[in-house]
Amino acid sequence: MTSENYVSELTFPEYLREIRAKHPGLSELLDPERIETGAIEPYLKELNTLSWEFEDQDNGGRGLAWSQAQNSSNSRRGGMISLLERFSPGSALRVLDVLGGSGTIARLAATLGDNVPTIITADISNLMISSCRASGLPYIRQSAARSLFRDDSLDGVLIGYGTQLLSPQVRRLAVMEAHRTLKPGSPLVLHAFEAGQGAARFFEEVVHPYSRTGHPHEHLTREEISGHFANAGFADLRIHEMDDSFLVRGQTAEEAKSNALRHLYSAYDLCKISGEPDEIEARLAPLVEETLGPISVRREQEHYLAEVPRAALAAIGVK
């Protein structure tokens, strides 16, 4: 058996024992052939080679900054709820969040009542998925390109908030794996920041030059998305724009805008934007507004709400 760590301090056999005890509904969905020792050992070595960008700073990654920012903020609540609404209601349904990071969407779903599908968080990063595990949520560390789930086992698949990080080849494989693992009649929802539009420009003109890791990734086009869905065998494809703005609160209008800029700085680990902490907001604000658009602030009951505009694409296809 493999002795290399799979998630946190757990080996893969230890992980299986843990989820059988804590999340039996998840363990029943895994494909025995894909998780046997001879298959999982090389798979784990591949994960550890590929996951560096969202591991901790010791590995050159920005995963800690992203995880901490998401765990402490509801800034993307509106966009995440919009994606969750694409799936049929029902707590017995199980939806795989392929690029789930530290479990942000799963934590939100758990607060929305009893008629929301159970979200299983998947991610390639040990650091990110360990944070999800610490929250007590169903989790699995796996590649988007090679799922460990059985054929025809899932009620829904979400590929979101990170599709731009996948290579064109992995994007194709991720959509094919979604089709393989979905039950007939179930949906794949794919979230993407469209190439050439404001959110993609923010990654290219702000995240790439100023973050710890850079952002040397190509964003998706509508034509690419349509091609991947068609080639995998999905039917009834619909692609539409969705509001995916950041919303950040403050006690005053000035504090709300400051908090929004600080949130973006922390979430994307924009450590290269300035060596002087007092200059960060002044340097970041025009870059945000040139790419995403003007930051607006409005009164909301006893607080102020700063909105950083951002649009995304949501593509839905049915197996």
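**Group meeting: sheet, helix packing and an aromatic pair**

Val157 stands opposite Leu188 in strand 7. That is where I'll start. This is a predicted model, where local features need pLDDT of at least 70, side-chain atom pairs count only at pLDDT 80 or more, and totals for chains, interfaces and linings use all residues. Residues are numbered from 1 along each chain as its sequence is written, and side-chain values use heavy atoms, with hydrogens and water left out.

Back to the strands. Strand 6 (residues 156–159) and strand 7 (residues 187–192) run parallel, joined by 3 bridges. Helices (H or I, at least four residues) and strands (E, at least two) are DSSP runs, numbered from the N terminus. Two strands pair if DSSP finds at least two bridges between them.

Next, helix packing. Axes are lines fitted to C-alpha atoms, for helices over the stretch in contact; angles run from 0 to 180 degrees between N-to-C directions. Contact means heavy atoms within 4.5 Å.

Take helix 11 (residues 253–267) and helix 12 (residues 280–291). They pack at about 85 degrees, axes 10 Å apart. That makes helix 11 roughly perpendicular to helix 12. The classes: under 35 degrees is roughly parallel, over 145 roughly antiparallel, 65 to 115 roughly perpendicular, the rest oblique. On the helix 11 side, Leu261, Leu264 and Tyr265 are among the contact residues; on the helix 12 side, they include Ile280, Leu284 and Val288. By class, this contact has 7 nonpolar, 1 polar and 4 charged residues. Ala, Val, Leu, Ile, Met, Phe, Trp, Tyr, Cys and Pro count as nonpolar, Asp, Glu, Lys and Arg as charged, and the others, Gly among them, as polar.

Helix 8 (residues 168–181) and helix 10 (residues 222–232) cross at roughly 40 degrees, axes within 9 Å. Helix 8 and helix 10 are therefore oblique to each other.

Last, aromatics. How many aromatic pairs does a search of the whole structure find? It finds 9 (Phe, Tyr and Trp rings, the six-membered one for Trp, centres within 6.5 Å; planes under 30 degrees apart are stacked, over 60 edge-to-face, the rest tilted). Tyr15 and Tyr139 are edge-to-face: 5.2 Å centre to centre, 65 degrees between the planes. Tyr15 lies in helix 1 (residues 12–22) and Tyr139 in strand 5, so the pair ties together parts 124 residues apart in sequence.
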